[in-house]
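Biologist: I would like a close look at the pairing of charged side chains here, taken slowly and with the cut-offs spelled out.

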Amino acid sequence: MRLSEHRYRTISSIRGPLLFVEQVFAARMGEVVRIACPGGETAEGEILKIDGDTALIQVFGETRGLGLDADVAFTDAIRQAPLSADVIGRVFNGSFIPIDGAPMFVPEQWAPITGAPINPTARARPEEFIETGLTAIDALNTLVKGQKLPIFSSAGLPAKEMTAAIVRNARLAGGGAFVVVFVALGLPHHEYAFYMQVLAGMEGDFTAFINRAGEPVMERLLAPRFGLAVAEHLAFARGMDVLVVITDMTNYCDALREVSTAREELPGRRGYPGYMYSDLASLYERAGRIRGMPGSVTMLPVVTMPEDDITHPIPDLTGYITEGQIVLSRELHQKGVFPPVDVLPSLSRLMQRGIGSGRTRQDHRRIADLLYKQYAKGRDLRRLEAIVGREGMMGSDRLMLDFADAFERELIHQGAARRDINASLDGGIALLGRFPAEAP
Amino acid sequence: MTGRILGIAGPTVTVDISGLRLYDMVRVGTAGLIGEVVRLERGRAVVQVYEDTRGLAVNEPAAGMDAPLSVQLAPGLLGGMFDGLQRPLRRLEELAGPFVAAGREVFPLDRERTWVFTPAGNAGDEVAAGDLLGHVAEGTFRHPVTAPRGGRIERLHAGEFRLADPIGRMADGRDIFAIAPWPVRRPRPYRRKLSPSLPLVTGQRTIDFLFPVARGGTAIFPGGFGTGKTILEQSIAKFADVDIVVYAGCGERGNEMAELLEEFVTLADPWSGRPLMERTIVVVNTSNMPVAAREASIYTAVSMAEYYRDMGCHVLLLADSISRWAEALREISSSLEEMPGEEGYPTYLSSRLAAFFERAGVVETLGGTVGSLSMILSVSPPGGDFTEPVTQACLRTAGVFFMLDTALAHRRHFPAINWFQSYSLYEPEMVAHFDGHVSPRWSEVRRRCREILQREEALREVAEIVGIEGLQDADRLLMKVAERIRHEFLSQNAYMDDAFSAPDRTLARIAEIVAFHDRAGEQLKQGVLPDELPRG
C-alpha cells in the first residue's frame, strides 16, 4: 500500500489516448493518474494494464500538447464519483466538473464509478407501470419501473423529440415524477440546445452530464458511469425514482472502439472489441430495483442504428442486454407519424408484469394482443397488395389493410398530445370496433 | 507457495509463484481475490481472476491454494442459488447487502444445519465406490449417500449430523462424510454410458411433438434477441419431466433472474405438486458480474448436475446462454494474447464445447443405478446470424436444434421455433416411444401435421402471386387448417394455463385439427363451398 501520490517523468510512448509509463512502483489497476505538461496543460487518466513496472494509461480529456516530458502523478485511488443530493439541478461535463457556472458542491460521500453488481437475489422484480403518455409504449410495449428499454433510432429520425416527450410526460403509477439523470455523449450543438431546453422546462428535477461533439472522446466512457453512480445514489441511498436517459450509445461504443484499437486489441465485429457485450452490460445492468428499498433506476438509452441496421453490433448487443427495445421506422416517419414507432420489432420484456388489473387495466393484454395480431396481418397483406393489387384481394383482407393504415395514422400517431393509459386503450378498442376481423 | 503480483491485464494476473499446477486456485492481492492458474512459465504463473481486478496493485501478495476450483457436493444444494463459483447468493446478501462485493469467501452450504441420516447398509459390509450407504432426508427428496471408495464399513451413524460430522467410518480408519468437494472441470465417473431411449417431456407442444428431446440428450436453441430464448428456457425449467433441474443463468439479465426466483418459489412442479424450487438449483452470473466467473459457472452447474445424476436421478441442465460463456472464454483468451481463431474466439472453442456436451448422457452409475443428465442450452448469435462460430460449434455436437425465428417472434408466435429448419436426431426412438406409451396414432398424426405445414409453405408462395382467391378449394382449406395448427397448436402462451401441455393433451389437440381437415375435405368433395364449411 502506498499512502501518497507518486510522480514520474518516465513516459516511454504516447499512442492516441494511451500513455506508457516506465519504472512505476506498485501501480494499481484502475488507478487515477494526473498528467501535467510543462506548458501547463493537464489531463486525467486511468491505468488499464500493468506489466511489471510498466503501466499503460488511458488518458481522459484532451491529449493535444502532451509530450514525453509530461509529469505523471499516480494517486493510488481508483476513480470515484462525488455524491450528494446537491447534484440535483446541476449540469456537469463528462469529467464531473460543473459547467453551469455555479461552484462544485461539497460531496457527502464518494463511490467507485463502476458501482458493484446488484446481487440477483436482492433484486425486486420490476412491475410498476410507468405512464409515458405515448400509446405505442404504454399500450403496446409497456415500460415498468427498474426496466432498461432502449430506443433504436436511425439517422434523421426524431429520437430526440420522442425522448423529450417521455422525459416531459413520464408519470409513476402513484402520480409522482422522476428525477431525470441526463447523460449526453458526443452531442452536436443543436441537439444539446434542444435537450437543455427540455430539461429546463421539466416539472421534476434533473442532473445532466454533458459531453458535446467537440469534447474529448474518452469522456464518453466516463460520463455514463458518473451518471449511473449518481442515479444509484439518488435511488438507493435516497429512495428516489430515477430515470436515466443516455444519448447516444452509438457514440459511447465508438469511443470504446477507439480505445480498443489504440490498445491494439483484436477487433471483433465491425472493429468493436470482443468485450463490448460485457462493457455495455456493466452500464445497462445498473438499472433495477432492490427488495425492501424504495427508489429505482429506470434506463432509457438511445441508440442510433448505423445504416438503419438492427443487426449492427451496437443495437444487437444492446438488445441482448436490455429488456426489450422501441424501434423507430423511417417509413412511418415519412408518413408523418409521430412517434414513428414500428411496434412489430419493438418489445417490452417486462410488460406482462406491469399490466392488468391493479396496474393498468384488466383488458390490457387482450387489447394489445388483438391490435398486434391484426396489425401484423395488415402489414403482411401489404406485400400481397403490392403484387396483386388491392382489387385482387378478399374483402376481409382489404379490411385488414385499412386497419393497418388507421392503426398507424390514429393510434400510433399522436403528435404532441399526451394520452393517459385509458385514452390509449380506449383508442385501441375503438379502432378494433371499427375493423372487426373475422373471428379467429 | 506465496509470492507477489507481477502484472495485471483485464481479468488475468501474473504472479511469481513457482510450484503451482494448472487450474490450481490462487488468491491474489490484499483483497484476496480468487483465481485459477491458466498458464505456467518458469518462475511465474498467469491466473485468471474471477472477480473485478480494479484496485489490485503489483507487488501485492499472492498465494497458491494447492487445489483446483471445486464445488461442495452435499445435502442442502436443492433450492440454492449460487454464483459461478458456488458462493451462496442469499447468504452473501445477508452478509454484504444488496450489492456483490469482491473478495468475499462464503461457504456454499449451511454448516450449522442438522440433517438426519438413515443407513441402508450395516457395519461389516464390503462396499465398492458408489455403493449406497443410506439416505438423508432433504425435504421430500431422499438424498442417497454413497461410498466414496471401496472397502469394509466399520460403522454407520444413524440420526442427526451436521456437514462437518462423519456419518460413518471405514475399516481403514478413515471417516465417511456426506460432503465432498469435486473439481468442476473434471467429469464425474460412472460405469458406462447408455444410449438415450426415453423422452424428456417438456410440456412444449412443438418440442414434444415435432422435435423431441431425449433424457440424456443435448439440445440447443439459437435465436436473435427478442425471439423468446429466456422464456422458453424458463418454461422448460418449470415443466420438464425430470427429478432435478440445474438452471445456469450465464451472463444474462439480473431482472430476469429476479423474476425466475420469485416464480419458482411460488409455482408448483406439475409432476410432483411440490414447490418448483425444491427440485431446482440456480447458478447465476449475470452479465455485469465478473467475466471469468461466468466462464467457470457452467462447470460449477454441470458438476452439481452430475452429482444428482450419480444418485440415479434424471437431471436437466439449462444454460442461458452458452454464447455468453463463449464470449467470456474469448475475453480471457485475448487477455492471454493467444492466437485467435474465427471471430476472435480461441481455436479450442469447439473442443471445449464438445467436451462440455459430452458430460450429458444416460449412465449406469458407479452404484449400478441409471441416471441421466440432459442439457438444453440457449445460444445468442450476434445479429441472429447462425453462421457464427458458437452456433456452428454447438450444431456439431447437439442432438436437437430448435431454430428460433425472428420473423415468427415479430408476429408474436411463441415459442418461435421454426418448424422447417429445426431438427431432432432422437426423433425415431422418441416417436416410437410416444407411439407405445401415449397412443399408437402419435406417429401418424405427426406425419400428417408436418405434411400440412409443408404443403402450406409451398402454397403460400403460390398465394403470394395469385392471391388466396386464386387457389383451389382444397388448397384454401389446407391453408386454413395450417393456420389453425400454427395458432392453436404450435403457439403456446407461456403466461397462461396452456404453458404446460402433457403429451396426451398435445396429441388430442393436434388430432382434432387433423380430423377437422379430413371432415372438411370430405364435405368439399360433396360440393359444400369452402366459405360454408363449419369453422371448428
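Are A:Glu127 and A:Arg125 buried or exposed?

Modeller: Both A:Glu127 and A:Arg125 are buried, where buried means under 20% relative accessible area, exposed means over 50%, and partly exposed lies in between, using a 1.4 Å probe and protein chains only. This is a predicted model, in which local features need pLDDT of at least 70 and side-chain atom pairs count only at pLDDT 80 or more, while totals for chains, interfaces and linings use all residues. Side-chain values use heavy atoms, with hydrogens and water left out, residues are numbered from 1 along each chain as its sequence is written, and chains are lettered from A and ligands numbered from 1 in the order in which they are written.

The two side chains form a salt bridge, with the closest N and O atoms 3.7 Å apart; the term requires a side-chain nitrogen of Lys or Arg within 4 Å of a carboxyl oxygen of Asp or Glu. Side chains of opposite charge can pair when their charged atoms come close. Over all chains, a search of the whole structure finds 88 salt bridges.

Another of these links A:Asp309 with A:Arg270, at 3.8 Å from N to O. Here A:Asp309 sits in the loop between β20 (296-304) and α7 (313-321) of chain A, and A:Arg270 in the loop between α5 (249-262) and α6 (276-284) of chain A, so the pair ties together parts that are 39 residues apart in sequence. Helices (H or I, at least four residues) and strands (E, at least two) are DSSP runs numbered from the N terminus. A:Arg270 has 41% relative accessibility and therefore counts as partly exposed.

A further salt bridge has A:Arg353 and B:Glu263 as its partners, and their closest N and O atoms are 2.7 Å apart. Because A:Arg353 belongs to helix α9 (residues 351-354) of chain A and B:Glu263 to helix α4 (residues 254-266) of chain B, this pair joins two chains. A:Arg353 is partly exposed, at a relative accessible area of 25%, whereas B:Glu263, at 11%, is buried.
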